[in-house]
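I wanted to work through the sheets, the helix packing and the aromatic pairs of this model, and to keep a record of what I looked up.

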Amino acid sequence: MNKIVIENSLIKDKTIDDTIKINYSVNDTFLAVNNLEIFCLKDTGICIYYTNDNDIKFNVVINCLESVNVNLFEFYSNGILKIRNTYNLSRSSNLTIQKFYDIKEINQFDIINMNGEYSSINYILKTVSKNSEKYNLLINHNAKNTSSNVINNAVNINNGKIIFDVTGLVPKTMSGSTLNQNNRIVSFNQNKCQINPNLLIDEDDVSANHSAFVGQFSYKELFYLQSRGIRYDDALKLLIRGFLFNNLMLNDDATNSLELIIKKYWG
């Protein structure tokens with residue numbers, strides 16, 4: 001597993017093999033943007049950990065070459081982050097992205113370019129929101145027979161407020177494409193949270209659907225656990241843990257990181 005640890009703009013730890021090639025530059029423009037580019041040359045797994053104490057800006061590009069399968073885990077913690085991620089997929093490449101956030105504030109713009117036929121992406125984002133978080137995701141189906149599956153899940157606490165803007169785009173003639181969006185925010189305050197799911201499709205031969213939910217865990221879920229002798233606080237913690245871990249396939253390090261976050265907020 002390739003591992004890159006970026007702390008306050010500096011690469012503090014790096015373990016990579018010949019399956020990837022990376023280029024990294026720090027504050028190399030007048031806008032003080034850090035640039036990271038990764039070329040995925042063979043089937044591989046990558047973990048990227050971002051930790052910062054200040055207001056940081058990143059521009060990240062991930063390139064998946066033809067017929068390459070990539071599992072990517074991204075972990076974001078602390079600080080205020082402005083980040084733009086671009087994921088470029090070539091023909092028959094498959095990318096699974098798993099993101100987890102425990103950050104002060106974030107403004108993120110993710111662009112997925114499915115440039116090759118039969119490319120596919122599985123995109124999963126989980127966050128514990130304490131302040132302002134905004135996520136803009138654009139999925140471009142630029143080739144025929146492409147597939148995208150998107151899951152955005154947030155637990156909103158303290159002074160958190162969160163916006164998900166999710167757009168799937170299929171131009172004319174890009175037939176055989178499949179788009180799935182599943183967005184859910186579980187909120188524990190009265191702040192406004194918003195989900196804007198968009199499917200912009202100019203082709204008939206497409207399968208597309210989306211769902212959006214903002215609210216709390218249902219009374220039935222909590223009642224069922226409490227009827228089995230589980231205290232309310234423990235029942236709530238179980239539901240939160242299940243919600244945040246659902247759909248994720250993590251290694252031991254990533255699992256431990258998530259467990260510590262849950263323990264930090266819910267004991």
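**Entry 1**

I began with Ile139, whose bridge partner in E14 is Gly168. I then noted that Leu137 stands opposite Val166 in E14. The model is a predicted one, in which local features need pLDDT of at least 70 and side-chain atom pairs count only at pLDDT 80 or more, while totals for chains, interfaces and linings use all residues. Residues are numbered from 1 along each chain as its sequence is written, and side-chain values use heavy atoms, with hydrogens and water left out.

Strand E12 (residues 132–141) and strand E14 (residues 161–170) pair in the parallel sense over nine bridges, where I take two strands to pair if DSSP finds at least two bridges between them. The element names follow DSSP runs numbered from the N terminus, with helices (H or I) of at least four residues and strands (E) of at least two. Strand E10 (residues 105–114) also pairs with E12 in the parallel sense over nine bridges, and Met114 stands opposite His141 in E12.

I looked up the whole sheet next: eight strands form an open sheet in the order E3-E4-E6-E8-E10-E12-E14-E16, with mixed pairing. Its edge strands are E3 (20–25) and E16 (194–201), each of which pairs on one side only. Neighbouring strands of this sheet are turned by 10 degrees against each other on average, direction ignored; axes are lines fitted to C-alpha atoms, for helices over the stretch in contact, and angles run from 0 to 180 degrees between N-to-C directions.

**Entry 2: the nine-stranded sheet**

A further open sheet, of nine strands, has the order E2-E1-E5-E7-E9-E11-E13-E15-E17 and mixed pairing. Strand E2 (10–15) and strand E17 (206–215) stand at its edges with a single partner strand each, so one side of each is left without a neighbour in the sheet. Within this sheet, strand E13 (residues 147–156) and strand E15 (residues 177–187) run parallel and are joined by ten bridges, and I found Val186 of E15 as the bridge partner of Val155.

**Entry 3: the helices**

Which strands does H2 lie across? I found H2 across strand E9 (94–102), strand E11 (120–129), E13 and E15, running at about 150 degrees to E13, with contact meaning heavy atoms within 4.5 Å.

Helix H1 (residues 219–227) packs against helix H2 (residues 232–245) at an angle of about 125 degrees, with the axes 9 Å apart. H1 and H2 are therefore oblique to each other (under 35 degrees counts as roughly parallel, over 145 as roughly antiparallel, 65 to 115 as roughly perpendicular and the rest as oblique). The contact is made by Glu221, Leu222, Leu225 and Gln226 of H1 and by Tyr232, Ala235, Leu236, Leu238 and Leu239 of H2.

The axes of H2 and helix H3 (residues 252–266) come within 11 Å and cross at roughly 145 degrees. Here Lys237, Ile240, Arg241, Leu244 and Phe245 in H2 meet Thr255, Leu258, Glu259, Ile262 and Trp266 in H3.

**Entry 4: aromatic pairs**

I noted that the structure holds eleven aromatic pairs, for which rings of Phe, Tyr and Trp (its six-membered ring) must have centres within 6.5 Å, with planes under 30 degrees apart counted as stacked, over 60 as edge-to-face and the rest as tilted. The rings of Tyr49 and Phe75 have centres 6.0 Å apart and planes at 55 degrees, so this pair is tilted. Tyr49 lies in strand E5 (residues 44–51) and Phe75 in strand E7 (residues 69–77), so the pair ties together parts that are 26 residues apart in sequence.
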